[in-house]
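My notes follow in the order I took them.

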Amino acid sequence: VRAADRPVDDDDLHARIDGRLPPERASIVDAYLAAHPGERERWSQYADQRQALRTAFNARSAEPIPARLRVAYLLAERRRLGQRRLARIAAAIGLLILGGIGGWTARDVSPGLTLSPSAVLASTVFDDVIAAHRTFSVESRHPVEVGADEETHLVQWLSKRLGHRAFGTLQDRMVKELRLAGVSSVAAANAWLPGFITAYNTRFGRDPANAKDLHRPLAQADDLDEILAWREERTVTRNLTLHYDRICCSWTRPPPSQGQALLARGLAHKKVEVVNYPDGRFAVQFNGATLGFKVFDKIQTVQPGAIIDNKRLSAVLEQIKAQQATYPARQQRGHVARQRPPNNLEAPGLPSKGRAPRRGAAAAAA
Amino acid sequence: LPQEQRSVLFLIGVEDLSYDEAARVLGVPIGTVMSRLSRGRERLRCQMHGDLDENRTRDAVLRRVK
């Protein structure tokens, strides 16, 4: 199809108005308009409109265009923006290379930058200083202010800082004894040590009530996880659910096996054991048999992933998350105050922090 | 009128830019300029002449894509 033979369309109409048509095409369009009165009317209206716009803006267009609005300027600015971005990238690459070259040459020039033994020493010293700063800077009462006679306070403070209990370790006793004995060399210390150990043991050691050694090797049948698990007793509700640590456990329906179904039906109002394994797993046991269950957490927590995943709801979820952060610690699943060793096996020095005694029980004890 | 149709009408009708120049200034393809021009003029016409034939079915709605 030759360009001249195309049927006349809107593009031609507008181009005719704007005078952008080649003459032979313009004659075709004119003929088409003569044949179609409706189109001709529309065309004349477009032309009038264009004329009206031009007159309306004529006063404005007669005066010189402000420099900032000139088309050439707009185009140049668009180009300049791109160039500026390019220049920025180029500058970044240039600086990178410059730094690399500088570092590579300085390697030979400055001996301080190579890892000489003194530098290694200095860096470990810095590490020590930073570690010490981290340990001490948060403290309100400075450890230097603790007198040498306040060893218990120092041990307490250190236990708190280190997160485990340095309980009764008498850790600085050996250092003090060394100083008292006037030991100043390794050989002298080695000669002095056996006497110190016997003296220490006679002074602080305690004989066991029963001298028989009850340690025994771990047998094949021993399941340490079962032995070391924390167990709590719960009563199954009439709805075959149980509540533990603000988690509602219900039996999976349909139950995995027929035997369990019978078991589960008879379980209402029975006592079961919630087993909390050292690695954080949960199990529910009835007479030693593990029951399948599903978990409903009564503490609902908005996870950060949900905020990212739900584009429409993210704002709402974010607000909910902020609101949940203001809840008291017992209503927040991951709160530090909730995290406690389930038993005192993990931290033998600590008393086992079970549930706080009920008010009635406390009153009875008093 | 929407801003995009307004700017096309202005650049082509008042500033006398060619379609090609207008496309470059606005950073859109020339076909987009044409369609915006067409829609803008049609809409303006409907507004000026009191919607008298807005519902008129236009003959050629099928457009050739080169």
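I looked up the salt-bridge network and found A:E39, A:R42, B:E42 and B:R45 linked in it. I count a salt bridge when a side-chain nitrogen of Lys or Arg is within 4 Å of a carboxyl oxygen of Asp or Glu. This is a predicted model, where local features need pLDDT of at least 70, side-chain atom pairs count only at pLDDT 80 or more, and totals for chains, interfaces and linings use all residues. Residues are numbered from 1 along each chain as its sequence is written, chains are lettered from A and ligands numbered from 1 in the order written, and side-chain values use heavy atoms, without hydrogens and water.

A:R42 and A:E39 form a salt bridge, with their closest N and O atoms 3.0 Å apart. They sit 3 residues apart in helix 3 (residues 37-56) of chain A, so about one helical turn separates them. Helices are DSSP runs of H or I, at least four residues, and strands are runs of E, at least two, numbered from the N terminus. Are A:R42 and A:E39 buried or exposed? Both are buried. My cut-offs are relative accessible area under 20% for buried, over 50% for exposed, and partly exposed in between (1.4 Å probe, protein chains only).

Then I checked chain B. B:E4 and B:R36 meet in a salt bridge at 3.6 Å, N to O. B:E4 is in helix 1 (residues 3-14) and B:R36 in helix 3 (residues 30-48) of chain B, so this pair ties together parts 32 residues apart in sequence. B:E4 is partly exposed at 41% relative accessibility. B:R36 is buried at 17%.

Back to chain A. The side chains of A:D30 and A:R16 form a salt bridge at 2.9 Å, N to O. A:D30 lies in helix 2 (residues 23-35) and A:R16 in helix 1 (residues 10-18) of chain A, so the link spans 14 residues of sequence. A:D30 is partly exposed at 32%, and A:R16 is partly exposed at 26%. How many salt bridges does the structure hold over all chains? I noted 12.

Last, the chain totals. Chain A has 14 helices and 7 strands. Buried residues make up 17% of its 366 residues. Chain B has 3 helices and 0 strands, in the pattern α-α-α. Buried residues make up 41% of its 66 residues.
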